[in-house]
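Visitor: I would like a close look at one part of this model, followed by the chains around that part. Please give the cut-offs as you go.

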Amino acid sequence: MKVKSVKTIIGDYIFVFLCVIVAVICLTPMISLLAKSLSSTKYLVAGEVFFLPKGLNFKAYAYVLKEEKYIRSFIWTVLLTVICTLVSLTITSFCAYPLIYDNLKGKKVINVLITFTMFFNAGMIPNYMLMKSLHFINNPLVLIVPSCLSIYNMIIMRSFFYGIPDSLRESAEMDGASFFKIFTNIYLPLSKPVYATLALFYAVGRWNGYTDALMYVNDEKLYPLQRYLYDILNSAKQVEASRLESQSVVGMAESMKDAVVMFSTIPILLVYPWLQRYFIAGATLGAVKE
Amino acid sequence: MKKVQNETFTQGSQAVYVKKTGWQKFGIYVRRYWQLYAMLALPLIYLLIFKYYPMHFITIAFKDYKFNKSVFEMPWASVKGQVDILKHFKAAMKPDFYSALRNTVTLNLLDLFFGFPAPIIFALILNELPFKRFKKFVQTVAYMPHFLSWVIIYGLVCILFQPDGPAGGVVNNLLVKNGLSIIPFLDDPTHWIGTYVMVGVWQSFGWGSIIYLAAIAGINPELYEAASVDGAGRLKKMWHITLPGIKSTIVVLLIMNIGGIVGGAFDRIYAMQNPIVLSVADTLSTFVYRIGLSSSYPKFEQTTAVGLFQSVVGLFFLLGANKISRKLGERGIW
């Protein structure tokens, strides 16, 4: 066995030290957020809360949980995310699977059609005109349908399908299985990792997205959480700017705001570490040249 | 896979070769493959409606907008009865537009300068870590910011970087507590640019490193052993083996970044900007949104013109960067 030299060991610890700094930089904002959301208004107003909660209490969270507007938005966003993910995965599979058959007629034309949309976008105003002509403004469909196929994700899925040996589907074809059956009985069960990855990508995309709601929705009932949060953050700023309200109101608004931010972050923070093994592979597949 | 071909039927002991006509072949092909086309129908309809159909609205940039007419019925843009299809382009090219263009390019170049090397450096550091579990922990933590929305990130930025006082930022409160003066991270244009770029690096360096780590994993380990035998140290190996080993990945990603030099994510900039710093924070996309969608007198023609400008210039940058990389002997992105 090789014995590490002193120089190598020192080198190792320099790199460990650098990584500790990186980890601290990544976590500090979240820790601060958590501390502020759990602190009492007295200390918040005095500006004395930094990285540890002072006057620990859950008032802000209780407040948020009581607010009907917030809860409704949360449930609506969960629902929206589930629907979007299912629809997107279906359409993405329907696009990726047929394209792995090399002798499919018209495949080249379809590929060009698909690739072109990656490089040229009609633009914000034409897209708005489209939604208007489809009567999608203030329609819940506008939050689901327009973002249901990401070509980038489709390429990830197709690369994964390409990695499944051709002989599997060829033998199934010999046995007279239809193409749809081959998809459901061979490709789907073998592709769990890529489905996990893309489900995460689509779900995070929907959960985090607010621009579509900003542009096409002005009915508050349809606001996804992030759109709602955007308003809270910007109105909290106004409260602070005006300083007309009493200090405790400012403090309460502040800790409530932090509690809401924390709430809307938690679902993602709970999910993504468990899928890390999958999405690392997924994120790498996308960059593989076709 | 079996090809659709002329089939041979067996009648009794004699094989009869049946010649198929073109239509019959087509029929067999359709009967075999219709399911694949049926599956493709959904995504293709989606692309046609949501990606291609809106393209015809681009002609609004060359017409005089009438809200009660279809795009085809709108008259061509004209000045005093004289058709001038570039009217709206000329009208859009005002100082506001130039400042938005300048801001877009400046912010994207700064992003490229600071944000592009960060994941490479991080991947190199991670690759040298001796402890597997610690490495995994650092990776998980570093990927986290990628999963936060820009609204949440803006919330975090406020918590850290707002001015001091009640509901103030942590950093400035700490500075004041220690008798230092505050730093206007969000309220001063120059500081805001710095904050914007650094937050961008924070959000993307971990996620960006995944791809470089994969590329590093693909380097032949014998190269490292040979270098060790020759007495190369750790840094020498990083410089002479790891970096050249991931060169093509770096080039491909650089091309994509250069292609996006006049683009930029709307959700990021829109969440981060505030009215005080608009002079440096207004980019083409927020400019289009501000005067095209959120204004009470939307200027559809001019903003469509700006959007078209952005798309076309972006396309040229991408094609150009791809061409250059091929000339340099690297693979392009297609």
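Guide: Helices (H or I, at least four residues) and strands (E, at least two) are DSSP runs, numbered from the N terminus. By that rule, Val176(B) sits in helix α7 of chain B, which covers residues 170-177. Residues are numbered from 1 along each chain as its sequence is written, while chains are lettered from A and ligands numbered from 1 in the order in which they are written. The model is predicted, so local features need pLDDT of at least 70 and side-chain atom pairs count only at pLDDT 80 or more, whereas totals for chains, interfaces and linings use all residues.

Val176(B) counts as partly exposed because it has 16 C-beta neighbours inside 10 Å. A residue is buried if 20 or more other C-beta atoms lie within 10 Å of its own, exposed if 12 or fewer, and partly exposed in between, with C-beta atoms placed from the backbone. Lys327(B) is 151 residues away from Val176(B) along the chain, and their C-alpha atoms are separated by 55 Å.

Chain B is assigned domain 1 (8-52) and domain 2 (93-327); such bounds come from an automatic or database domain assignment. The C-alpha centres of these two domains of chain B lie 48 Å apart. In chain A the assignment gives domain 1 (6-45) and domain 2 (59-285), with C-alpha centres 30 Å apart.

The two chains meet in a contact that takes 77 residues from chain A and 73 residues from chain B; two residues are in contact if their C-beta atoms, placed from the backbone, lie within 7 Å. On the side of chain A that touches chain B, helix α1 (residues 6-38) of chain A gives the most, with 15 residues. That side of chain A divides into 51 nonpolar, 18 polar and eight charged residues. Here Ala, Val, Leu, Ile, Met, Phe, Trp, Tyr, Cys and Pro count as nonpolar, Asp, Glu, Lys and Arg as charged, and the others, Gly among them, as polar.

Chain A has 14 helices and zero strands. Its C-alpha trace spans about 75 × 70 × 35 Å along the principal axes. Buried residues make up 38% of the 290 residues in chain A. Of the contacts in chain A between residues at least 6 apart in sequence, 72% join residues at least 24 apart.
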